[in-house]
Amino acid sequence: MWKIRIVDDPLDVAGRNDATGVLLLQNKLAHATISLLDLFPDVPEVSGERIVQTALADFVSRQWTRDLHLVHTHHEQGCTFVVEALEKTTLHTRHRNRRNRSVSPHWTPYMLERTDIWCTPTGVLHVWVRVLADNNDPTVVAGDHPSPVRRDCASDIFRHGQTCAVRTILASVVPADTATFVDAAQRHVATAMWQERLRVQLRAHNAVAFVADGSILPRKSGASHAPMASPPAIPFAAPVDSPLRRDVSVDLGPWKTYLSKPTLAATPGTWLVEETDTILTMTGLLIPRGVSLIVGGGYHGKSTILRCVAAGVYNKIPGDSREFCVTVDDAVTVRAEDGRYVNRCNVSAFIANLPVLPNSASATVNITKSFSTGEASGSTSQAANVVEAMEMGASAFLVDEDVSAANFMARDGRMRALVMDESITPLLYRVNGLYQKHGISSVVVVGGVGDWLDVPDAVILMDKYVCHDATQKARSVSRQFSHGHVQYGGRGVVHRLNWESTGTPNPRRPTDAWSQKFDRQSTVISLLDGVQSLVLHHAEEDQAITNDEEEEEEAMIDLSRCEQLLGKKPQLYGCGLCVVWLLEASRQYPNLGLSDLLHKMDSAIDTEGLFNVVSAVGETNTSLQSESLPANVGLLIETLGCAFRPRRFEVGQALTRLRGIQLEELPVEEDLVEKAAREEEARKRQRLREIWEARRQKG
């Protein structure tokens with residue numbers, strides 16, 4: 001039985017004419033809860049693994065929001081009640097010109113935790129909906145009075161009608177007593193279970209990602225999450241007779257039943273290799289750890305595979321056609337972001353010897369060890385992105401040549417000969433050292449610079465959308481053209497430089513003086529129209545934030561080029577909520593760096609749920625049981641209706657891009673052996689610079 005609680009609605013929609021012609025004069029919010037054991041008594045492990053609860057909550061949310069143009073009405077006590085998703089009313093109010101959308105504008109194929117429909121670790125499903133009604137119905141009389149009365153929205157009879165309406169409509173939208181609904185829910189969970197368990201196994205396979213045979217990787221369009229029709233789309237197939245083609249087996253337990261042959265046969269390709277009662281085995285491309293290249297001609301599918309790998313950090317729904325493609329959960333896309341804000345970031349592994357004005361204070365200081373700028377270039381922004389991903393704990397970088405800074409990616413021998421005093425050490429020279437020193441893999445799309453063929457452990461060639469293993473051929477080409485014997489600035493063999501400890505980022509945290517500007521109760525998050533950006537400010541400022549504000553707008557976060565923020569505006573808003581949480585937490589835990597704070601945030605959300613964490617209330621807090629919502633929850637409901645949970649990496653990216661933020665490094669103990677090695681290396685570099693300077697003077 002659904003338990004219903006009615007609370008005040010922060011969004012006033014009084015006077016709205018619904019599609020039924022009913023004049024809606026009263027609106028409230030309903031908070032409905034039910035145990036998953038009561039809702040799905042026959043679903044196995046419903047109160048066990050967290051992924052099961054998250055997948056079931058996602059399934060319920062899709063049932064509720066998939067047909068926003070439908071009107072759910074219920075007649076009770078002579079009154080017409082309309083029950084709808086929070087985002088529908090918000091969109092209707094703010095975008096009246098958009099009519100009868102068949103799916104939610106917030107729809108994505110990724111299973112993301114939401115603030116309006118979620119499940120707690122204790123197995124309780126929470127659903128927030130909006131209840132609207134015409135409370136001026138003349139057919140209703142009160143007690144013994146024969147004349148019609150205008151009912152108060154707070155009256156017992158009206159509240160009883162709202163409760164009955166919500167309970168009845170939820171039962172019709174979530175018909176858990178029907179076999180079709182339960183089977184679909186179990187398939188939804190089984191698909192998530194496959195992805196989650198394979199993601200854990202990837203490390204045992206020494207792999208970064210798995211792309212299943214038969215998957216449809218291209219999307220219908222650049223603005224769509226839906227798969228392209230096949231034909232013309234070519235189902236993916238791993239190269240035959242290649243060590244990159246592997247079978248992977250996942251023990252699904254009782255969930256395996258819902259991913260058997262009849263289910264998989266609907267998708268092109270032969271995916272199923274063998275099966276037992278609980279184990280499902282599939283064939284596909286296993287991208288190994290280390291340095292992997294994806295090469296090929298233009299428009300042959302290189303970036304399409306990389307986007308599939310980038311999306312593989314999320315669990316996808318059945319029917320996405322990539323739901324059996326999985327990536328380790330700490331893979332991060334890095335690209336150039338010219339114009340981004342950077343504060344106290346150690347980019348010295350990639351950027352050094354920046355030109356400075358004569359006699360300036362920075363002339364004697366290596367400013368790239370604590371680099372700050374309000375408008376980074378393409379190369380410095382990408383260097384900062386790489387280093388910050390390291391700081392946050394990424395185990396793999398996903399890089400596309402098309403959206404990277406050319407001088408950050410590679411530098412050939414002729415340019416080295418012409419420009420000897422270069423400030424940039426390209427990523428090409430660092431990827432092997434990154435893997436050997438820190439175990440960080442790189443998956444790189446390249447199509448124009450052959451020097452990359454000197455460094456990979458695996459090479460995937462895309463030719464007319466067909467995948468080939470070109471590892472051996474690439475090694476042959478490298479041996480033919482290689483300049484691997486050339487020394488680079490006295491630091492080792494070019495293209496394979498060792499990673500220097502001085503380039504490893506130290507943990508940073510927001511300064512207390514800056515972080516105390518924001519807290520969860522008084523901070524307002526305003527989304528900027530038309531872009532993936534937001535601004536943090538205070539309610540009392542009551543300022544209109546528009547795109548016409550100056551570029552240096554303090555507390556603005558631009559995430560338009562964070563390519564793994566795939567949950568649209570709700571996930572962007574979720575980043576803003578989590579950033580405010582981090583700023584509060586940094587004051588409470590002054591000894592924790594950014595990575596530790598992000599892990600603490602993830603742990604809190606796993607334990608309490610996104611809604612409770614960002615609203616600063618607990619599941620048993622009395623404020624959540626009152627008839628009014630916390631201020632920040634009310635603003636969220638008024639702005640979008642709901643927010644989606646972001647990964648900790650996108651939250652970290654949002655925090656470090658927060659314009660005006662001041663970060664400070666935490667002290668770390670220095671390794672004396674490494675210090676001596678660095679000093680010796682510095683002497684060698686100085687000697688080399690003196691030699692080059694002497695040659696210039698002779699010339």
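Is Lys369 buried, exposed or partly exposed? Select Lys369 to begin: with a relative accessible area of 35%, Lys369 is partly exposed, where buried means under 20% relative accessible area, exposed over 50%, and partly exposed in between (1.4 Å probe, protein chains only).

Before going further, note that this is a predicted model, in which local features need pLDDT of at least 70 and side-chain atom pairs count only at pLDDT 80 or more, while totals for chains, interfaces and linings use all residues. Residues are numbered from 1 along each chain as its sequence is written, and side-chain values use heavy atoms, with hydrogens and water left out.

**Around Lys369**

Lys369 sits in the loop between β16 (342-345) and β17 (371-373); helices (H or I, at least four residues) and strands (E, at least two) are DSSP runs, numbered from the N terminus. Setting aside residues up to four places away in sequence, Lys369 touches Cys345, Asn346, Ser348, Thr502 and Glu665, contact meaning heavy atoms within 4.5 Å.

**The whole protein**

Zoom out to the protein, with its 20 helices and 26 strands. Of its 699 residues, 55% count as buried, and among contacts between residues at least 6 apart in sequence, 76% join residues at least 24 apart. The protein exposes about 29900 Å², of which carbon and sulfur atoms supply 51%; these accessible areas come from the Shrake-Rupley method with a 1.4 Å probe, and for residues only the protein chains shown count as cover.

**The cores**

Next, select Trp2, Phe40, Trp64, Leu125, Trp194 and Leu285, the residues with the most contacts inside the largest nonpolar core, which has 96 residues. A nonpolar core is a set of buried Ala, Val, Leu, Ile, Met, Phe, Trp, Tyr and Cys residues joined through side-chain atoms within 4.5 Å. Helix α5 (residues 179-201) gives the most to this core, with 9 residues. A second, separate core of 86 residues can be found by selecting Val291, Met409, Val455 and Ile661, which are among its members.

Move to Leu286 in strand β12 (residues 279-288), which counts as buried because its relative accessibility is 4%. Leu202 lies 84 residues away along the chain, with 8.8 Å between the two C-alpha atoms. Beyond residues up to four places away in sequence, the residues that Leu286 touches include Leu202, His205, Phe210 and Arg246.

Then select Thr163 in helix α4 (residues 156-173), which is buried, with a relative accessible area of 15%. Leaving aside neighbours within four places in sequence, Thr163 is in contact with Ile4 and Ile6.

**A helix pair**

Finish with helix α14 (residues 568-588) and helix α15 (residues 594-608), which pack at an angle of about 115° with their axes 10 Å apart; axes are lines fitted to C-alpha atoms, for helices over the stretch in contact, and angles run from 0 to 180 degrees between N-to-C directions. Showing side chains brings up Cys578, Trp581, Leu582, Ala585 and Ser586 in α14, which meet Leu597, Leu598, Lys600, Met601, Ala604 and Ile605 in α15. By class, this contact has 9 nonpolar, 1 polar and 1 charged residues, where Ala, Val, Leu, Ile, Met, Phe, Trp, Tyr, Cys and Pro count as nonpolar, Asp, Glu, Lys and Arg as charged, and the others, Gly among them, as polar.
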